[in-house]
Amino acid sequence: MGIRAIVVDTAGTTTDLSFIKDTLFPYSAKVLPDFLKENEHNVLVENCICDVRDIALEPDASLERVTEILQQWVAEDRKATPLKTLQGLIWKQGYAKGEFTGHIFPDFIQAIDGIKQQNMRIYSFSSGSAEAQKLLFAHSDGGDLTPKFDGHFDTRTGNKLFKQAYCNIINTISLAPKQVLYISDVVEELKAAEEAGMRTMQMVRSDDQRTGSHKQITSFAELTF
């Protein structure tokens, strides 16, 4: 049974982890206090603020306190949905102002057309929100890559370390598990995808990376079917 779809991880696989850590995260932390003040009555932002209070078990937290909690979560890299949503909105503003472009590894930009020509679907799966993924690919170093994608999955689909998330992806895209190839740099994610029946491949971009028993590539140029 041939491969019909590829699901790619983002950080460490299609985009450099340092871009997220050194550019996106600090930008969202810096802009967050003003962004919340300016947009606290926007429905989506208001919902996020309420969710933060719920998660933190501080129902009466002031806007300043909510900002503090969020800053703490940024520092801890908490995978909390309201934080991810707010970061997505802030990054959208940053991309629109041209504060940065989305870093995508050149080998992925070069390989994507070849993958599409083989009549394959491409999806991304990240712990960053689907909206943040679209922004990253829309404002990439290689221009707007979003038309080449068939969809984006995030933590709403499930935790990337658990089999269920990959079962959910398989159900959503209506293919047999063996028709789907998952590419990531993280061994635990590949193990979970394998448990769901997907084919797997590890992207190894640095010498000090932990590797497992999965097939390995060091660039998308090495991808063959």
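Predicted model: local features only at pLDDT ≥ 70, side-chain atom pairs only at ≥ 80, totals over all residues.
Residues are numbered from 1 along each chain as its sequence is written, and side-chain values use heavy atoms, with hydrogens and water left out.

**Overall fold**

The protein chain contains eight helices and six strands. Here helices (H or I, at least four residues) and strands (E, at least two) are DSSP runs, numbered from the N terminus. Along the sequence, their order is β-α-α-α-α-α-β-α-β-α-β-α-β-β. The C-alpha atoms occupy a box of roughly 55 × 35 × 35 Å along the principal axes. Of the 225 residues, 49% count as buried; buried means under 20% relative accessible area, exposed over 50%, and partly exposed in between (1.4 Å probe, protein chains only). Among contacts (heavy atoms within 4.5 Å) with a separation of 6 or more, 64% join residues 24 or more positions apart.

**Strand β1**

Strand β1 (residues 5–9) is mostly covered, with five of its five residues buried. A5, V7 and D9 lie on one side and I6 and V8 on the other, and both faces are covered. Two strands pair if DSSP finds at least two bridges between them.

| β2 (residues 121–125) | parallel | five bridges | I122 |

**Helices α1 and α3**

Two packed helices are described by the angle between their axes and the distance between the axes. The axes of α1 (residues 17–39) and α3 (residues 63–76) come within 10 Å and cross at roughly 170 degrees. That makes α1 roughly antiparallel to α3, a term for angles over 145 degrees. Axes are lines fitted to C-alpha atoms, for helices over the stretch in contact, and angles run from 0 to 180 degrees between N-to-C directions.

From α1, the residues F25, A29, L32, P33, L36 and K37 meet L63, T67, L70, Q71 and V74 of α3. The residues of this contact divide into eight nonpolar, two polar and one charged. Ala, Val, Leu, Ile, Met, Phe, Trp, Tyr, Cys and Pro count as nonpolar, Asp, Glu, Lys and Arg as charged, and the others, Gly among them, as polar.

Terms used:
Parallel < 35°, antiparallel > 145°, perpendicular 65-115°, else oblique.
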